[in-house]
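Let's take a friendly walk through this model, from its pocket and cores to its charged pairs. Please keep the structure open beside the text as you read.

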Amino acid sequence: MKIQPSEYLARIHQPLKQVVNALSSEFDYVSLLATDSRGKAYSVRTRSMDIRDFMGERGLVFRAIHQGRIAEFSLNQLPDQLADALKLVSDNLNAQFEMNKKQGYSFIPVEIPSEEEWVVNEQKSYQKPFDTYGLQEKLDKLQSFVKDGSEMDPRIVNMVAAYMEVSVSKLFISTKKDLIQDYPWSQGYIMIVGKGDNGIKMAFKSASGMKGAELLDEMAENVKSAVQQLDEVLGATPIVPGEYEVI
């Protein structure tokens with residue numbers, strides 16, 4: 001199943017193209033990067049749990065090259081009226097160019113990128129959309145990882161199961177390029193702290209990728225291996241000092 005594209009970027013796509021095309025008659029080169037990412041992080045520990053926003057961002061960055069100099073202007077929201085948007089971006093880019101000239105900064109001339117015509121509109125796929133499970137279901141799964149793992153070894157004193165998910169949408173526009181990409185990204189980890197005869201040790205297992213909620217299934221498989229890793233490190237002894245041949 002393909003990830004849903006950003007409604008925000010879809011709504012402002014054409015106005016942004018118009019702004020970039022208009023600015024291209026004023027500067028030697030103009031490009032725009034627009035981003036809309038939405039994410040959540042879930043964490044369950046032996047004695048607590050939490051949910052928070054994670055890696056969310058939304059905004060626009062305009063970049064212009066003129067007479068060998070470069071300027072950038074970023075903003076969170078594009079004005080509704082095209083004329084207002086064009087004036088806002090143009091004024092701020094020109095202000096940067098003028099400031100650099102007045103202050104006499106030395107600079108290395110920036111070359112204008114050599115670009116080919118390129119149009120991309122791509123949505124990546126995942127096995128399970130992030131909304132396959134509700135907020136409580138995701139916490140319940142993580143809580144089960146902690147409960148099951150803690151019951152496998154009485155030496156475990158603390159355990160953490162964390163899962164993060166992000167829907168990433170990016171749009172890049174120049175006079176020759178029009179690139180849109182939407183993709184999922186998720187990561188998770190199991191961390192265990194145990195106390196044995198050789199002191200306190202820690203085990204860690206992680207999983208990540210351009211994946212959806214299916215990553216939670218991978219994490220379930222990591223619980224047992226993390227406990228086994230902890231058993232190994234708790235039984236490990238310090239290396240005897242000396243010289244060793246490494247091959």
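A residue counts as buried under 20% relative accessible area, as exposed over 50%, and as partly exposed in between. With 42% relative accessibility, Glu57 is therefore partly exposed. Please bear in mind that this is a predicted model.

**Salt bridges**

Side chains of opposite charge can pair when their charged atoms come close. The structure contains 15 salt bridges, and the table shows some of them.

| Pair | N to O distance |
|---|---|
| Arg45 and Asp50 | 2.8 Å |
| Glu122 and Lys124 | 3.1 Å |
| Lys170 and Glu57 | 3.8 Å |

Glu57 takes part in a salt bridge with Lys170. Lys170 belongs to strand β6 and Glu57 to strand β3 (residues 57-66), so this pair ties together parts that lie 113 residues apart in sequence. Lys170 is partly exposed, at a relative accessible area of 29%.

In the pair of Glu122 and Lys124, Glu122 has a relative accessible area of 33% and is partly exposed. Lys124 is partly exposed too, at 27% relative accessibility. Elsewhere, salt bridges with shared partners join Asp36, Arg38 and Arg58 into one network.

**The largest pocket**

Arg38 also turns up in the lining of the largest pocket, where Arg38, Tyr126, Phe130, Asp131 and Ser167 lie nearest the centre. This pocket has a volume of about 300 Å³ and is lined by 13 residues. Sorted by class, the lining has six nonpolar, three polar and four charged residues. Strands β1 (29-45) and β6 (156-174) each supply at least two residues of it.

**Nonpolar cores**

Which residues of the largest nonpolar core touch the most other members? Of its 27 residues, they are Leu142, Phe145, Met159, Tyr163, Ile190, Ile192 and Met219. Elements giving two or more residues to this core are β1, α3 (135-152), β6, β7 (177-196), β8 (199-209) and α4 (215-235). The largest share, eight residues, comes from α4. Apart from this core lies another one, of 25 residues, including Leu60, Val89, Leu93 and Phe97.

**A buried asparagine**

Asn100 sits in helix α2 (residues 82-103). Why does Asn100 count as buried? Its relative accessible area is 16%, and the cut-off for buried is under 20%. Leaving aside residues up to four places away in sequence, Asn100 touches Arg69, Ile70 and Tyr105.

Conventions:
Residues are numbered from 1 along each chain as its sequence is written. This is a predicted model: local features need pLDDT of at least 70, side-chain atom pairs count only at pLDDT 80 or more; totals for chains, interfaces and linings use all residues. Side-chain values use heavy atoms; hydrogens and water are left out. On a 1 Å grid over the protein atoms alone, a cavity is a set of points where a 1.4 Å probe fits but cannot get out, and a pocket is an open set with protein on both sides within 12 Å along at least five of seven lines; lining residues have an atom within 4 Å of a point. Grid points are joined across faces, edges and corners, and a volume is the space filled by probe spheres set on the points. Helices (H or I, at least four residues) and strands (E, at least two) are DSSP runs, numbered from the N terminus. Ala, Val, Leu, Ile, Met, Phe, Trp, Tyr, Cys and Pro count as nonpolar, Asp, Glu, Lys and Arg as charged, and the others, Gly among them, as polar. Buried means under 20% relative accessible area, exposed over 50%, partly exposed in between (1.4 Å probe, protein chains only). Contact means heavy atoms within 4.5 Å. A nonpolar core is a set of buried Ala, Val, Leu, Ile, Met, Phe, Trp, Tyr and Cys residues joined through side-chain atoms within 4.5 Å. A salt bridge is a side-chain nitrogen of Lys or Arg within 4 Å of a carboxyl oxygen of Asp or Glu.
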